[in-house]
Each structure stands twice: as C-alpha cells, then as structure tokens.
Amino acid sequence: MKKVSRLMFSALAFLTIGSTMAVSIGAVSADEVADTKASMTNLSAENSALLAKLSAAQDKVASIDSQVSNKTVAIDDAQKNIASTDKEITEVAQKIVKVQAEVQSRKAVLKEQVIALQKRAGDSVSGNVYVDFIVNSDSFSDMVSRASVVGKLNQANKEAMDAVANSESKLATLKQEQVTEKANLVNTKAQLEKDQAQLTSLKADAENEQASFQQEVDGHKTQLASLQSQLDAQTAAAVEAAKKETEKATIAPTVAPKTGSDNTPAPTPAKTTTVAPSGANTGSLVGNALQFIGTPYAWGGAQPGGFDCSGLVWYAAKMAGISLPRTSQEQSTVGTKVSLSELQPGDLVFWGGVGSAHHVGIYIGGGSYVHAPTEGQNVTTMSMQYYKPDFGRRL
C-alpha cells in the first residue's frame, strides 16, 4: 500500500488545479489559456475518478486487514483455550487416580471387616461370613444386634462403593469431553490459520490493484504539473502583452501587483490554523492514542509493541478507564452514532457499517483522526479529506 504522504501529495496537486487567476489577455492568448484550462479540467475529472477508485482500494485493503486481525485474535484465543483444556484434562486424570486409590482403600476396609466378623462368628455354618456372624449369636437379642450391625455395614459399604464408582464414572466422562473439546479447538485453530493465509493472499491482490491506481494518479499528477506550467507561461505572456498595449496607448500605468518569479501575481498564502487535539497529554482517549504515533501496525496487536486499528482504540480507551470491545465490528455498536459534521475530539470514526465496521480511528479535531492504517505502516494521523470515514460514535 502506498504511504499516506503520497495520497496527500496527489490530493494537494488536485487542489492546486482549482485555483485560477483573472487577467486581461489578448484574443489569441485567451484561446490558448482556455484550451489549457479545458485540458486541465478534463484531466482533473479523470484524476478525481481515479482518487475515488484509490480510496475504494484502500478501503478494501483495510477491510481485509480487519479480517486478518480478527482471525489472529481468534487463533490466539483458541490456543489459550487449548492450553486451558490440556490443564483440565491433566487435573481430571489426577482426580481419577485418586478415586481409583479410594476404591482400593475401600476394598481393603471391607476385607478387614470380613476378617473381623469371621473371627467373631466362630465355626462356619453357611459359608457366608455375615450369615455365620448372625447365626452364631449367643441369644436372640444378640442375633438382632448382630443383624443390625451387618445391615448397617452393608449399607455403609454399598453407599461408599457407589459414591466412588459414580465419581470415577463422572470423571472419566468429563475427561472424554475435554479430550473432544481439545480436538475441536485444534481443528478450529487449523481452519482459522487456513482462512488467514487466504486473506493474506487476497490482501496482496488488493494492494497490487491499489498500487496500479496510485501509478495512474502519479501519471496524472505529472501531466497536471506540466499543464499548470504551461498555463502559468501563457498567463504571463498575456499579461506582458496587455502591459505593452497599455503603454502604447499612453495610459498612465497602474501599480502592478507583486509578482512571483514567473511574473504572475504571487498567490496570497492561505491562512492555516492548527487545531490542538482536545485532551492531548491529559490522559484522555485522544492523548493516549497520540503518544503511540510511530508504533508499527501488527495484525491482532493490542499493546505498545504493535497495534491493529481496533487494538489501538481498545488500548487507548483502557488507559483512560474506558471499557471497549476488542474488534472494530463490536466497537462500532458502542455509544451513540454521530454524523461526521458533528464530530468532537475523542469520538470514534468508522469505515463500513454499524456492527460490520472494518476500520476505526479516534477523531482528534480539525478534521483529522489518529489510527493504525495497515500492515507495513505505523500509527499516524490523517485528514478526513484524504480517507473519509463513514460515521462516528460518541462514547
């Protein structure tokens, strides 16, 4: 993608065309000037159409960048979920081992109970320790007491064994669910990486298209500069001819306006006003973002080492104590919508639609915004004159 400076230079060349000078000229010179102006007008119209195409191509690149960044964030989330699932699988496996040890412990207790009862039961009558324990009682009341003991032991042992068995079964099921979840996450991550690779390829095509448009714009810029020089020369010649005609008519000369190096009236410098971004250096959203001017663009980046467009906005808002969603799509639904003519410093500006925005920046005042443009570029400011957003949101 071409640098912002190239777009600005092209636009400035376009603006230069619009300025014309009113002079008194002869018939022949007037025709020449008219022809030159007509050529410039036609070329300017073509240039305007190309600039519109260039803006559309830039919009396409920004849209792909947004999609790639979202894929990057999703891949990172999937990797974190895989790591979390691995940890859960390990923890469940450890619990299963503990439950199995508890089963073995419970069986050992049962064995000891049987041995103790066998000792108290005396001679075997039925071959069943519990039955022998009851049958060999000393009296009826002793028999009832022994029967009660056996019943309680059986019930307690059954409940204990059922509990550990159920626990082991649930843990085994949970482990299998986690294993399945991990497999799904791995597949999801692989698909996201595949999608990201395809988007990267599409981005290269879009950048080639943009470069082609930029080349045409540069060609028009050269032609426009040549025509402007021609117009300046023709105008100067016409002024000189008119001056000579005036001198011949012995009319008192008038004071000529101050001229430039080419004898044409020196243009009055346009008054410029620098608008200081509201809130700069005060910890505001605008000030927070401006301190990262020059930070490289990074897909999925949301930290000072590298930002994507929504990552810059998210991080600057976080520093200001404002909680925002991570992606431009979600950010475009926060707050209230405002028209571009009503923007105030600190408002967010978006390209695309509400809920589907593919690029975002922060309005800093004076018709400019700060944003993270695209891969290969750094966080910078730009005038809406050169890359105009579609709408704003006020937080």
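This is a predicted model: local features need pLDDT of at least 70, side-chain atom pairs count only at pLDDT 80 or more; totals for chains, interfaces and linings use all residues.
Colleagues, a word on conventions. Local features need pLDDT of at least 70, side-chain atom pairs count only at pLDDT 80 or more, and totals for chains, interfaces and linings use all residues. Residues are numbered from 1 along each chain as its sequence is written, and side-chain values use heavy atoms, with hydrogens and water left out.

I begin with the whole protein. It contains 7 helices and 8 strands, taken as DSSP runs numbered from the N terminus (helices H or I, at least four residues; strands E, at least two). Of its 395 residues, 35% are buried, that is, under 20% relative accessible area with a 1.4 Å probe, counting protein chains only. Taking contacts (heavy atoms within 4.5 Å) between residues at least 6 apart in sequence, 67% join residues at least 24 apart.

I turn now to the sheet. Six strands form an open, antiparallel sheet in the order β3-β8-β4-β5-β6-β7, where pairing requires at least two DSSP bridges between two strands. Strands β3 (336–338) and β7 (380–383) each have a single partner, so one side of each lacks a neighbour in the sheet. Neighbouring strands are turned by 40° against each other on average, direction ignored.

Within this sheet, β4 (residues 348–351) and β5 (residues 359–365) run antiparallel and are joined by 4 bridges. W351 stands opposite H359 in β5.

Finally, helix α6 (residues 309–319) lies across β4, β5 and β6 (368–371), at about 50° to β5. Angles run from 0 to 180 degrees between N-to-C directions, with axes fitted to C-alpha atoms, for helices over the stretch in contact.

Methods. Buried means under 20% relative accessible area, exposed over 50%, partly exposed in between (1.4 Å probe, protein chains only).
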